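Okay, thanks everyone for coming.

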Amino acid sequence: IGVRLVGSEMCIRDSRGAPVSEGVRVPTSVSHIAAGGLLREPADVRGSSAVCARLLRTGHLWSRVRVQGGAYGCGASLDRWSGALTLTSYRDPTPAATLGAFREAGGALRAAASSLPDAELERVVIGTLGALEPPSSAQGRAYVSLVRHLTGYSDAMRQAWRDEVRRTSRADLAAFADDLDALLARPDAPPSVVAVGEQRTLDAVAAASAAVGCPPLDVRDAL
């Protein structure tokens with residue numbers, strides 16, 4: 001089993017390149033969990049995807065994982081260069097339940113597509129735009145400029161992405177929700193799960209992940 005970098009995401013693969021899941025056993029009751037997989041082909045990733053990920057992170061996942069589940073934090077991100085989606089929680093007392101919340105993400109986003117007030121959708125779009133250009137030091141700006149130059153990420157491409165973010169519609173939310181549901185049902189590339197915790201926690205995560213069709217959990221000790 002090895003870890004392959006795809007864009008900025010880590011995809012866990014076996015020697016044949018098939019996705020696998022991994023458990024890291026540690027002597028602590030504090031746990032962490034992540035689930036992810038290929039949501040879209042890179043050519044199909046649009047700026048609206050960033051809005052959908054932010055809405056999941058600040059809406060459904062925040063409510064289910066942070067508020068109800070008691071985790072210290074949660075996240076959702078879609079890497080635009082690989083199309084890989086990652087859902088995460090950290091310092092999580094109930095990671096198996098969190099995996100269930102991940103599974104419900106598509107339905108929650110679909111419900112938001114039909115019921116979210118226009119003002120709330122606008123707020124999420126504005127927040128997504130703000131995150132594209134965070135405050136930075138001179139050194140940070142120089143580094144970002146260098147990376148953009150080396151990768152060919154032009155100003156025109158950046159503007160196109162911002163325009164796609166601004167045009168995010170309810171139809172985009174519904175389409176992203178459909179892709180989330182399809183990811184869980186994809187037999188050729190099911191989502192991988194990584195969990196860190198004590199043995200009984202990993203056993204619960206293994207059972208929960210198997211129930212939703214994720215690859216078997218390969219458990220190893222951290223030390």
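Which residue in β6 does Gly37 stand opposite? That would be Leu85. Before I go further, keep in mind that this is a predicted model.

β4 covers residues 31-38 and β6 covers residues 84-92, and the two run antiparallel, joined by seven bridges.

Now the other neighbour of β4. Strand β7, residues 192-197, pairs with β4 as well, again in the antiparallel sense, and here there are five bridges. As a quick reminder, strands of a sheet pair through backbone hydrogen bonds, either parallel or antiparallel.

Okay, zooming out. We have an open sheet of six strands, and reading across, the order is β5-β6-β4-β7-β3-β8, with mixed pairing. At the edges you find β5 (73-78) and β8 (217-221); each has a single partner strand, so one side of each has no neighbour in the sheet. From one strand to the next, the twist averages 10°.

Helix α2, residues 60-68, lies across β5 and β6, and it runs at about 145° to β5. Then there's helix α8, residues 170-184, which packs on the sheet and touches β4, β5 and β6. The direction of α8 makes about 75° with that of β6.

Methods:
Residues are numbered from 1 along each chain as its sequence is written. This is a predicted model: local features need pLDDT of at least 70, side-chain atom pairs count only at pLDDT 80 or more; totals for chains, interfaces and linings use all residues. Side-chain values use heavy atoms; hydrogens and water are left out. Two strands pair if DSSP finds at least two bridges between them. Helices (H or I, at least four residues) and strands (E, at least two) are DSSP runs, numbered from the N terminus. Axes are lines fitted to C-alpha atoms, for helices over the stretch in contact, and angles run from 0 to 180 degrees between N-to-C directions. Contact means heavy atoms within 4.5 Å.
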